[in-house]
Amino acid sequence: MSSFVGVLVSDPWLQSQFTQVELRSLKSKFHSARNQSGKVTLGDLPPVMVKLKAITDMITQDEIKDIFTESSSDLDQEVDFESFLRAYLNLQARATAKIGDSKTSSPFLKTSSSFLKATTTTLRHTISESEKSSYVSHINNFLGEDPFLKKYLPIDPSANALFDLAKDGVLLCKLINVAVPGTIDERAINTKGDLNPWERNENHTLCLNSAKAIGCTVVNIGTQDLVEARPHLVLGLISQIIKIQLLADLNLKKTPQLVELVEDSKDVEELISLPPEKLLLKWMNFHLKKAGYKKQVANFSSDLKDGEAYAHLLNALAPEHGTTTTLDTKDPTERANLIIEQAEKLDCKRYVTPKDIVEGSPNLNLAFVAQIFQHRNGLSVDTKKISFAEMMTDDAQTSREERCFRLWINSLGVDTYVNNLFEDVRTGWVLLEVLDKASPGSVNWKQATKPPIKMPFRKVENCNQVISIGKELNFSLVNVAGNDIVQGNKKLILAFLWQLMRFSMLQLLKNLRSHAQGKEITDADILNWANNKVKKSGRTFQMESFKDKSLSSGIFFLELLSAVEPRVVNWSLVTKGETDEDKKLNATYIISVARKLGCSIFLLPEDIMEVNQKMILTLTACIMYWSLQGKVVESGQSSSTTEIIKTSDGDNESVDIGNGPQRDNEDT
């Protein structure tokens with residue numbers, strides 16, 4: 001077993017300013033600046049710095065050079081990695097603050113090496129004590145009786161016990177299961193008293209891949225960041241998980257009564273397309289309008305600071321606890337106190353304090369409103385409207401595929417977050433973003449229009465380019481036009497996205513497999529690899545195809561996972577897979593074990609039980625991808641499970657998604 005060591009910086013403060021993902025990316029950029037002598041000088045930095053995300057478009061290369069020239073007359077001065085990081089932080093602060101012109105005097109330019117040596121202060125990674133306290137209360141409430149965690153709970157919100165407890169990964173895994181029950185098979189979580197580094201990394205890898213599978217954005221978080229319990233990253237992840245839990249019912253499938261928010265059935269389509277936060281605001285404004293409140297609430301911060309909207313909302317939803325005192329009170333803090341007292345009668349007070357309301361904390365106000373919605377949404381039970389809403393929802397198979405592709409897109413780190421796949425792709429923009437990730441340089445951005453798009457023909461132009469690129473990538477798109485996507489043709493959208501996902505997956509495998517020598521990887525290659533791995537491990541199960549019905553037992557995939565990493569499967573937990581119940585137990589375990597290894601997968605247990613050909617292929621390919629990375633380990637690039645991604649300027653990076661053991665080299 002090899003231990004994982006991240007990018008280390010001698011100055012603890014400087015290390016704390018970056019995630020491991022950021023450090024690895026910046027280290028790669030720093031190395032790319034080396035000149036012929038193998039050194040990096042001050043003069044080598046401007047062309048590298050100008051391409052960095054936080055600086056590009058804010059400061060020009062010439063301006064950066066001028067700054068460095070004022071800082072030191074010797075541009076041949078050698079720069080080490082830590083000096084590079086300090087220079088980056090200062091340029092980032094300058095870009096963010098948009099300080100004057102590049103020749104304005106600045107504290108870090110006063111001596112020839114001040115910006116290279118001095119500690120720089122930054123507000124990048126502050127955390128909210130109010131949010132921490134609120135999330136701790138949530139954890140204490142929902143996990144207080146957990147068999148493993150109850151000995152550590154309740155957590156003291158005034159101390160740092162939350163971050164200490166998060167270091168072994170168990171808390172975060174359990175919290176994901178509270179948010180979306182059944183996401184993680186808890187049999188796969190390492191829960192013994194004293195975990196070794198590998199077991200902690202397994203838990204964090206399972207956590208991050210499972211977080212992606214419920215819709216969290218974890219692009220800039222690595223396992224090492226969670227092992228170190230970086231407060232801003234841990235709190236940010238917990239915030240996302242809790243938000244997903246609180247907004248889980250904000251959709252027509254879970255709460256068909258929401259159809260009451262629109263007067264015309266034609267508007268239901270728009271309702272379906274709204275992200276949960278917007279739907280929550282629409283629900284709030286619906287009740288406020290009925291209560292005679294004249295203002296429109298457009299956000300969860302400034303519009304709620306005076307407490308008036310809360311007072312009207314609670315009076316409308318709970319007239320039995322209604323009072324005029326709250327509105328008559330002139331002092332905002334006193335009014336906020338009365339709001340909390342009134343909400344407490346509905347068992348809704350966990351997430352905010354009066355101070356949070358007055359200061360307009362967006363995250364905590366959203367949590368508070370969502371909690372009110374959960375306890376009393378005040379919507380009618382008009383059976384005709386509800387029946388209509390239920391007709392608008394997708395069948396189970398379409399819904400599962402929509403979920404898979406939506407979560408996959410959101411895991412890629414594209415700028416657009418997809419809430420409703422069929423609605424959000426109709427502009428074509430997000431599909432262009434994904435195509436650019438899968439095949440860098442394929443998109444002509446000069447001919448693309450970014451949302452919001454008012455002119456319909458611009459959407460068609462975007463989607464026509466999507467189809468054109470798909471044909472160049474040899475997708476099967478006979479008689480498919482851009483307008484089919486604009487019109488929201490679900491069948492064609494799913495077919496296109498499956499081909500795009502498969503293309504992306506095969507490209508990753510092609511890039512890793514040294515003996516491919518430019519040859520395309522095929523479905524047959526993946527099938528043969530899996531069968532050979534299982535056979536070489538001494539087991540006899542073989543699959544005939546990705547729709548082989550015998551795969552429903554789950555035994556083959558457990559044997560495959562055991563073949564690529566013998567210690568990962570606990571065979572005492574495996575059933576024979578003969579009954580539906582046993583099949584589900586195995587399927588759930590397979591998904592969690594694969595994620596624990598480092599596989600980023602979005603299928604459901606039902607996909608294995610029903611032998612969904614597409615999802616079976618993606619599962620097998622992801623296991624193959626993980627195993628083939630033994631070559632990456634052998635070459636000394638990293639001892640961790642990695643993902644090959646494309647940076648914005650086209651360079652390859654290795655991104656850690658979990659520490660893994662040395663793998664055998666027969667794969668390559």
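I start with Glu402, which is buried at a relative accessible area of 9%. Buried means under 20% relative accessible area, exposed means over 50%, and partly exposed is in between, using a 1.4 Å probe and protein chains only. The side chain of Glu402 meets that of Arg406 in a salt bridge, 3.0 Å from N to O. By salt bridge I mean a side-chain nitrogen of Lys or Arg within 4 Å of a carboxyl oxygen of Asp or Glu. Both residues sit in helix H21, residues 396–411, and are four residues apart, about one turn of the helix. Helices are DSSP runs of H or I with at least four residues, strands are runs of E with at least two, and both are numbered from the N terminus.

A note on the source: this is a predicted model, where local features need pLDDT of at least 70 and side-chain atom pairs count only at pLDDT 80 or more, while totals for chains, interfaces and linings use all residues. Residues are numbered from 1 along each chain as its sequence is written, and side-chain values use heavy atoms, with hydrogens and water left out.

How many salt bridges does a search of the whole structure find? The count is 25. One of them joins Arg567 and Glu202, again at 3.0 Å from N to O. This pair links distant parts of the chain, 365 residues apart: Arg567 is in the loop between helix H28 (555–564) and helix H29 (580–597), and Glu202 is in helix H10 (residues 197–213).

Next, Arg230 and Glu228 form a salt bridge, with their closest N and O atoms 3.0 Å apart.

Now the nonpolar side. A nonpolar core is a set of buried Ala, Val, Leu, Ile, Met, Phe, Trp, Tyr and Cys residues joined through side-chain atoms within 4.5 Å. The largest one has 170 residues, and Leu237, Leu280, Trp283 and Met284 have the most contacts inside it. Helix H26, residues 490–512, gives the most to this core, with twelve residues. Apart from it lies another core of 27 residues, including Val40 and Phe68.

Finally, which residues does Leu237 touch? Leaving out residues up to four places away in sequence, its contacts (heavy atoms within 4.5 Å) include Leu172, Cys207, Val218 and Ile221.
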